[in-house]
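Welcome, and thanks for taking a look at this protein. Please keep the sequence and the 3D view at hand while you read the briefing below.

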Amino acid sequence: MANPLQNKIVYIGVPKRLFDSDLLDNAYRYIQLQTDDVISPQGMFASNEQWLKAFPDYLMTCDAMVIVTDNGYVGRGVYLEWQHFKDTKRPIFLFNERATKVYQLHEVKSLTISDEGDWTYYAIVHY
């Protein structure tokens with residue numbers, strides 16, 4: 001199978017609750033092996049308001065998105081980022097880490113809003 005991230009600028013869509021996690025560290029290292037250009041939102045913004053104003057602009061520089069989640073759910077921010085990639089017809093993948101440290105990328109089929117009132121567990125990823 002060809003490397004779907006080769007020669008692409010890849011954005012990692014990850015819930016804030018996972019910013020300081022081993023899962024994000026592993027995903028970042030794995031994606032770096034697939035392409036040299038990886039952007040993670042970790043530490044990029046001082047506030048949610050700053051992110052909301054800026055995210056469409058910085059996502060326009062990216063060719064693909066990889067979603068990282070530990071339980072299949074993402075927050076409202078990752079949902080909005082996913083919507084942006086979907087609307088602009090750029091590829092979106094899910095990073096999957098198995099207990100055996102085998103890493104995989106799956107093409108994301110859709111995200112479904114699970115609870116509009118819960119911005120942390122806002123949507124579930126389908127692949």
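For 127 residues, a compact globule would have a radius of gyration near 14 Å, and the protein agrees with that, because its own value is 14 Å. Here the radius of gyration is taken over C-alpha atoms, and the globule rule is 2.2 Å times the number of residues to the power 0.38. This is a predicted model, in which local features need pLDDT of at least 70 and side-chain atom pairs count only at pLDDT 80 or more, while totals for chains, interfaces and linings use all residues. Residues are numbered from 1 along each chain as its sequence is written, and side-chain values use heavy atoms, with hydrogens and water left out.

**Overall shape and fold**

- The C-alpha trace spans about 40 × 30 × 25 Å along its principal axes.
- The protein has 3 helices and 8 strands; these are DSSP runs numbered from the N terminus, with helices being H or I of at least four residues and strands E of at least two.
- Followed along the sequence, the pattern reads β-α-β-α-β-β-α-β-β-β-β.
- Among contacts between residues at least 6 apart in sequence, 63% join residues at least 24 apart, where contact means heavy atoms within 4.5 Å.

**Inside the protein**

- Of the 127 residues, 41% count as buried; buried means under 20% relative accessible area, exposed over 50%, and partly exposed in between, with a 1.4 Å probe and protein chains only.
- The largest nonpolar core has 20 residues, and those with the most contacts inside it are Met65, Ile67, Trp82, Val108 and Leu111. Such a core is a set of buried Ala, Val, Leu, Ile, Met, Phe, Trp, Tyr and Cys residues joined through side-chain atoms within 4.5 Å.
- At least two residues of this core come from each of α2 (48–59), β3 (64–67), α3 (76–87), β5 (92–97) and β8 (123–126).
- Another core of 18 residues lies apart from it, with Leu5, Val66, Phe95 and Leu105 among them.
- Leaving out residues up to four places away in sequence, Ile67 touches several others, including Gly13, Val74, Val78, Trp82, Phe95 and Val125.

**The largest pocket**

- The largest pocket holds about 600 Å³ of space. On a 1 Å grid over the protein atoms alone, a pocket is an open set of points where a 1.4 Å probe fits, with protein on both sides within 12 Å along at least five of seven lines, and lining residues have an atom within 4 Å of a point. Grid points are joined across faces, edges and corners, and the volume is the space filled by probe spheres set on the points.
- Of its 25 lining residues, Lys16, Asn48, Trp51, Gly77 and Val78 are the closest to the centre.
- Two or more lining residues come from each of α2 and α3, and α3 gives the largest share, 5 residues.
- The lining divides into 14 nonpolar, 6 polar and 5 charged residues. Ala, Val, Leu, Ile, Met, Phe, Trp, Tyr, Cys and Pro count as nonpolar, Asp, Glu, Lys and Arg as charged, and the others, Gly among them, as polar.

**Residues worth a look**

- Most residues other than glycine have a negative phi.
- Asn7, in the segment before β1, has a positive phi of about 60 degrees and is exposed, with a relative accessible area of 71%.
- Lys89, in the loop between α3 and β5, has a positive phi of about 55 degrees and counts as exposed at 74% relative accessibility.
- Asn3 is partly exposed, because its relative accessible area is 25%.
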